[in-house]
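Visitor: I'd like to learn how to read a structure like this one, feature by feature. Could we start with how strands are put together?

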Amino acid sequence: MIIAEELRKQFGDFHAVKGVSLEVKPGEVLALLGPNGAGKTTSIRMLAAILKPTSGRAIVGGFNVETHAREVRHAVGLLTEFPGLYHRMKSLDYLLFFGRLQGMNDRDCGNRAVQLLQQFGLWEAREKRIDGYSKGMKQKLALIRAMIHDPNILYLDEPTTAMDPHSARTVRDAIAGLRSAQRSIILCTHNLNEAEELADRIAVVHDGGIAVQGTIAELSQQLMGDPIWELRLAQPQPELAKRLANLLTIEDVGADWLRYRTTEPHQLNPVLIQRISGWGWPLVSINEVQRSLEDVYLTIVGQTHRERVSATLEQPNAAAVAEVAL
Ligand SMILES: Nc1ncnc2c1ncn2[C@@H]1O[C@H](COP(=O)(O)OP(=O)(O)OP(=O)(O)O)[C@@H](O)[C@H]1O
């Protein structure tokens, strides 16, 4: 379990993280999304007890990140964007080294290393030195390192960026498996399809804070209004909108289609179908218009960007005022 309350981090005068609060339960994947420099990695580093928060509190695996940093580091598996790999080593020696640091005995660690190297397709490369690995192979080895001690909590920063589609699938399946095994997982990614596939909840980090947090359905409803449905007829019907105006909140209409909003499709759609059939209009389909995580994300980031721009315009700085005065 991961709990963060109002975590903040300042580097000198710069506020990198400005009050992050979140909770991730066992068996849950939280995806942290957000533009470059938003504060995702800094938040993760505080939650992994490798960076001290300036203020706020975090409890990870039952331990406070400030007072029990060692226990937190043991409870956590961390995959960072730039993992420190010991390039002269071979993978098994490397994993044994990290297993020992986590207090594992060599036999258990060796067995687990073999199993993970096989699972991620690195077994054949076990005799190669790490500096002979490709980027994707190095990323897989770094992920295995994060998983070697079978931690209850995993922080995965961009876990599939360098990977070919087959390897990325193996990693996503592994993350889904960890979720089923009741691990708590924070996934930082710019790959929205990946977040959509794996995450139970999404938190969008923007300008050091969490702009919004929730399931994709909740965020979609909150930011983009009630779900939109679309009906399609077999032929154009000029009276389509007029005849249905008293039944539906119409969003948009064409010659043979119409879009409307409803939160109660179970009640509304049967009535709609009955009416249309009663008029003898052949109906092709009624479907909910799918809103992707990309739509939701761009709405959030676009909104916060517009808010920042308008705040700047409302409070022009001295130089801008001087320029206008000239
Ligand atoms: N050690 C540091 N000293 C000073 N500034 C830092 C330090 N670490 C991070 N920052 C700054 O904090 C901000 C947040 O960085 P962070 O790495 O958390 O962003 P991010 O959301 O993970 O970005 P990305 O998506 O590019 O990985 C950035 O402006 C970065 O330059």
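Guide: Let's begin with the terms: two strands pair if DSSP finds at least two bridges between them. Helices (H or I, at least four residues) and strands (E, at least two) are DSSP runs, numbered from the N terminus. In this structure, β6 and β7 pair in the parallel sense over 4 bridges, and Leu79 stands opposite Leu156 in β7. Before we go on, this is a predicted model, in which local features need pLDDT of at least 70 and side-chain atom pairs count only at pLDDT 80 or more, while totals for chains, interfaces and linings use all residues. Residues are numbered from 1 along each chain as its sequence is written.

Visitor: Which residues of strand β6 are buried on each side?

Guide: Here is the general idea: in a regular strand the side chains alternate between the two faces of the sheet. A residue is buried if 20 or more other C-beta atoms lie within 10 Å of its own, exposed if 12 or fewer, and partly exposed in between, with C-beta atoms placed from the backbone. In β6 (residues 76-79), Val76 and Leu78 are buried on one side, and Gly77 and Leu79 are buried on the other. Both faces of β6 are therefore covered.

Visitor: In what order do the strands of the open sheet run?

Guide: The order is β2-β1-β4-β5, 4 strands with antiparallel pairing. The edges are β2 and β5 (63-64), each of which pairs on one side only. Inside the sheet, β1 (residues 2-11) and β4 (residues 55-60) are joined in the antiparallel sense by 5 bridges, and Glu5 stands opposite Arg57 in β4. On the other pairing, β1 and β2 share 8 bridges, again antiparallel. There, Lys9 faces Val17 in β2, and Gln10 has His15 as its bridge partner.

Visitor: What is the phi of Gly12 in the hairpin of β1 and β2?

Guide: Gly12 takes a positive phi near 60 degrees, in a hairpin with 2 residues between the strands.

Visitor: Which residues surround the ligand?

Guide: For this, a residue is near a molecule if its C-beta atom, placed from the backbone, lies within 6 Å of it. The ligand is surrounded by Phe11, Phe14, Ala16, Gly34, Asn36, Gly37, Ala38, Gly39, Lys40, Thr41 and Thr42. Two or more of these residues come from each of β2 (14-24) and α1 (40-47), and α1 gives the most, with 3 residues. To sort the shell by type, Ala, Val, Leu, Ile, Met, Phe, Trp, Tyr, Cys and Pro count as nonpolar, Asp, Glu, Lys and Arg as charged, and the others, Gly among them, as polar. The shell then divides into 4 nonpolar, 6 polar and 1 charged.

Visitor: Let's turn to Tyr260: is Tyr260 buried or exposed?

Guide: Tyr260 counts as buried because 24 C-beta neighbours lie inside 10 Å. Tyr260 lies in strand β13 (residues 257-261). Contacts are the next thing to read: two residues are in contact if their C-beta atoms, placed from the backbone, lie within 7 Å. Not counting residues up to four places away in sequence, Tyr260 touches Trp229, Leu248, Thr249, Ile250 and Glu251.

Visitor: How do I read the chain as a whole?

Guide: Start with the domains, whose bounds come from an automatic or database domain assignment. The assignment gives domain 1 (2-214) and domain 2 (228-288), and 47 Å separate their centres, taken over C-alpha atoms. The chain has 12 helices and 14 strands, and 32% of its 326 residues count as buried.
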